[in-house]
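Trainee: I would like to learn how to read a structure feature by feature. Where do we begin?

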Amino acid sequence: MKRMYWAALCALALGAQAAPALQRHHQKDALVYYSGEVVVSGQYLQDSSDELLGNTLCFTPDKATAGLIPREKGDTRSAWFCFDPQTKARSMLKLPAKPAKGQCGFKGTATLRIGHYVVNTEQSDVYDTAQLLQVVSSGKPQPVACPQ
């Protein structure tokens, strides 16, 4: 009896690990909402000289964790997202209020726990969003120089 209980417990644990941590919850128009949480490592960037993103703080997971970011079949976009809400993410990453003179933003590496992931499927200049839930680890923010 103990052996059957142990086998069932192991099977349940393995099944839970195999399931994706971000699971499609629902879709409303071009927005696909995901529930769950994942831990990703990579680089964050806020660069006010960027024509598309402006002063938006975004994150690109490294190769080891990029596969945790949901992509529908046929979606070949690279894995990256911007934070929502921005002010909370800036505060949690301990970014200065504004860059020093001659600098346009900040960049750094971090390991983060994110959730409330939303994929924007519009065929335009849009981006996915995620809520920063926890900074697991983070290096000191580095300045991003403005283009000359």
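Mentor: We go from the overall fold to the pocket, the aromatic rings and the backbone. Keep in mind that this is a predicted model.

Trainee: How many helices and strands are there in the protein?

Mentor: The protein has 2 helices and 8 strands. Along the sequence they follow the pattern α-β-β-β-β-β-α-β-β-β. Of the 148 residues, 34% are buried. Among contacts with a separation of 6 or more, 64% are between residues 24 or more positions apart. The protein exposes about 9,600 Å², and carbon and sulfur atoms supply 55% of that area.

Trainee: How do I read a pocket?

Mentor: Rolling a probe the size of a water molecule over the atoms shows where empty space is left. Here the largest pocket has a volume of about 160 Å³.

Trainee: Which elements give two or more residues to the lining of the largest pocket?

Mentor: They are β3 (37-47) and β4 (57-61). The largest share, 4 residues, comes from β3. The lining includes Gln43, Asp47, Asp50, Phe59 and Trp80. By class, the lining has 5 nonpolar, 5 polar and 2 charged residues.

Trainee: Phe59 and Trp80 are both in that lining. What about aromatic pairs?

Mentor: The structure holds 5 aromatic pairs. In one of them, the rings of Phe59 and Phe81 have their centres 5.6 Å apart and their planes at 35°. An angle under 30 degrees would count as stacked and one over 60 as edge-to-face, so this pair is tilted. The pair links distant parts of the chain, with Phe59 in strand β4 and Phe81 in strand β5 (residues 81-83), 22 residues apart.

Trainee: Are Phe59 and Phe81 buried or exposed?

Mentor: Both Phe59 and Phe81 are buried. They also form one aromatic cluster together with Phe83 and Tyr117.

Trainee: Where does Trp80 lie, and where does Tyr127?

Mentor: Trp80 is in the loop between β4 and β5, and Tyr127 is in the loop between β6 and β7 (129-138), so their pair ties together parts that are 47 residues apart in sequence. The ring centres of Trp80 and Tyr127 are 6.3 Å apart and the planes are at 40°, so this pair is tilted. Trp80 has a relative accessibility of 23% and counts as partly exposed. Tyr127 is partly exposed too, at 28%.

Trainee: What should I look for in the backbone?

Mentor: Most residues other than glycine have a negative phi, and most peptide bonds are trans. Exceptions to either rule deserve a look.

Trainee: Which peptide bond is cis?

Mentor: The bond from Asp84 to Pro85 is cis, with omega near 5°. Pro85 sits in the loop between β5 and α2.

Trainee: And where is phi positive in a residue other than glycine?

Mentor: One case is Asp29, with phi near 55°. Asp29 lies in the loop between β1 (23-28) and β2 (31-35). With 68% relative accessibility, Asp29 counts as exposed. His116 also has a positive phi, of about 50°. His116 is in strand β6, and its relative accessibility of 51% makes it exposed, because the cut-off is over 50%.

Trainee: How far apart are Pro96 and Pro141 in sequence and in space?

Mentor: They are 45 residues apart in sequence and 8.6 Å apart in space, C-alpha to C-alpha. Pro96 lies in the loop between α2 (86-92) and β6 (103-120). Its relative accessible area is 39%, so Pro96 is partly exposed.

Methods:
Residues are numbered from 1 along each chain as its sequence is written. This is a predicted model: local features need pLDDT of at least 70, side-chain atom pairs count only at pLDDT 80 or more; totals for chains, interfaces and linings use all residues. Side-chain values use heavy atoms; hydrogens and water are left out. On a 1 Å grid over the protein atoms alone, a cavity is a set of points where a 1.4 Å probe fits but cannot get out, and a pocket is an open set with protein on both sides within 12 Å along at least five of seven lines; lining residues have an atom within 4 Å of a point. Grid points are joined across faces, edges and corners, and a volume is the space filled by probe spheres set on the points. Ala, Val, Leu, Ile, Met, Phe, Trp, Tyr, Cys and Pro count as nonpolar, Asp, Glu, Lys and Arg as charged, and the others, Gly among them, as polar. Buried means under 20% relative accessible area, exposed over 50%, partly exposed in between (1.4 Å probe, protein chains only). Rings of Phe, Tyr and Trp (its six-membered ring) pair if their centres lie within 6.5 Å; planes under 30 degrees apart count as stacked, over 60 as edge-to-face and the rest as tilted. Contact means heavy atoms within 4.5 Å. Accessible areas come from the Shrake-Rupley method with a 1.4 Å probe; for residues, only the protein chains shown count as cover.
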